[in-house]
Amino acid sequence: MRNPIIVALDVPGADQAVRLAREVAPAVGAFKIGSELFTSAGPDIVKKIRATGAAVFLDLKFHDIPNTVAKAVAAAVGLDVQMLTVHTCGGTAMLQAAEKSAQETSAALGRPAPLVLGVTVLTSLDTNEINEVGVAGNVGQQVERLARVASAAGIRGLVCSPLEIADLRQLLPPEIELITPGIRPGKDSRDDQKRTLTAREAMSAGATWLVIGRPIYAAADPRKAAEEILASLS
Ligand code: C5P
């Protein structure tokens with residue numbers, strides 16, 4: 001079985017990130033580099049994390065005009081990332097440009113194309129807030145709308161909340177990969193996550209990948225925590 005655990009490297013600096021990645025790499029499938037680590041440590045951090053042998057998910061959530069997003073995706077492919085994110089509300093032309101750039105740049109470099117993942121509605125937003133910025137309907141309707149737009153544009157994966165997995169599985173083609181954060185080993189350890197599932201529940205609901213941060217990096221023994229989560233899936 002492919003290891004579906006993606007560890008969020010939500011640590012302040014390159015040294016801590018590399019130390020954590022080396023420690024847990026044998027027990028996980030990939031590492032997520034977000035905007036804080038990327039901005040503070042620079043693109044070199046991608047190479048350092050790739051050097052552990054694990055895949056890299058570059059979570060910079062590109063959202064710009066199609067030409068700019070295509071170039072940013074090409075630059076990410078040049079860094080040898082295996083997954084990256086774009087905002088689906090950037091629209092069809094932007095999503096198509098992102099996917100095309102991922103395919104063409106990786107083909108030119110002789111690498112497999114990275115998975116371009118669409119972000120729908122950030123889970124920090126509620127219906128009032130999306131209405132305030134001009135979006136009609138509720139969050140669920142907007143997630144569904146954006147998921148359809150992304151899928152029609154050729155996007156092959158989406159980031160979603162644990163509680164959206166089952167509904168998205170109903171409406172999307174089965175080959176679309178679903179990546180979900182909000183994973184907790186038990187219901188008693190939620191931190192600031194309001195909607196959580198266990199790793200096993202999320203996989204049963206149809207997730208393809210699990211983004212896990214604090215339950216691994218804040219554990220007394222991160223490697224053991226990752227191994228236990230992996231064992232809970234079999
Ligand atoms: O520590 P925790 O497991 O909650 O970390 C989850 C990771 O997933 C963090 O990097 C967080 O920014 C990210 N994320 C999230 N919820 C979203 C989107 C991303 O928790 N809706």
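What follows is a chat about a predicted model of a protein chain with a ligand.

Biologist: How many helices and strands are there in the chain?
Modeller: In this predicted model, the chain holds eleven helices and eight strands. Its radius of gyration is 17 Å, close to the 17 Å that the globule rule gives for 234 residues, so the chain is as compact as a globular protein of that length.

Biologist: And what does the C-alpha trace span along its principal axes?
Modeller: The C-alpha trace spans about 45 × 40 × 30 Å along those axes.

Biologist: Switching to the ligand, which residues surround it?
Modeller: The ligand is surrounded by Ala8, Asp10, Lys32, Thr123, Pro181, Arg184, Gln193, Val211, Ile212, Gly213, Arg214 and Pro215. By type, the shell divides into five nonpolar, three polar and four charged residues.

Biologist: Which helix and strand each supply at least two residues of that shell?
Modeller: Those are the strand β8 (209-212) and the helix α10 (214-217).

Biologist: Which side chains have polar atoms by the ligand's oxygen atoms?
Modeller: In Lys32, a polar side-chain atom lies 3.0 Å from an oxygen atom of the ligand, and in Arg184 a side-chain N or O atom is 2.7 Å from an oxygen atom of the ligand.

Biologist: What about a nitrogen atom of the ligand?
Modeller: A nitrogen atom of the ligand is 2.5 Å from an N or O atom in the side chain of Thr123. Taken on its own, the ligand has 460 Å² of accessible area, and the protein covers 79% of that area.

Biologist: Which pocket is the space taken by the ligand?
Modeller: That space is the largest pocket.

Key. Residues are numbered from 1 along each chain as its sequence is written. This is a predicted model: local features need pLDDT of at least 70, side-chain atom pairs count only at pLDDT 80 or more; totals for chains, interfaces and linings use all residues. Side-chain values use heavy atoms; hydrogens and water are left out. A residue is near a molecule or strand if one of its heavy atoms lies within 4 Å of it. A polar contact is a pair of N or O atoms within 3.5 Å; within protein, one must be able to donate a hydrogen and the other to accept it, and residues adjacent in sequence count only if both atoms are side-chain atoms. Accessible areas come from the Shrake-Rupley method with a 1.4 Å probe; for residues, only the protein chains shown count as cover. On a 1 Å grid over the protein atoms alone, a cavity is a set of points where a 1.4 Å probe fits but cannot get out, and a pocket is an open set with protein on both sides within 12 Å along at least five of seven lines; lining residues have an atom within 4 Å of a point. A molecule sits in a cavity or pocket if more than half of its atoms lie within 2 Å of its grid points. Helices (H or I, at least four residues) and strands (E, at least two) are DSSP runs, numbered from the N terminus. Ala, Val, Leu, Ile, Met, Phe, Trp, Tyr, Cys and Pro count as nonpolar, Asp, Glu, Lys and Arg as charged, and the others, Gly among them, as polar. The radius of gyration is taken over C-alpha atoms; the globule rule is 2.2 Å times the number of residues to the power 0.38.
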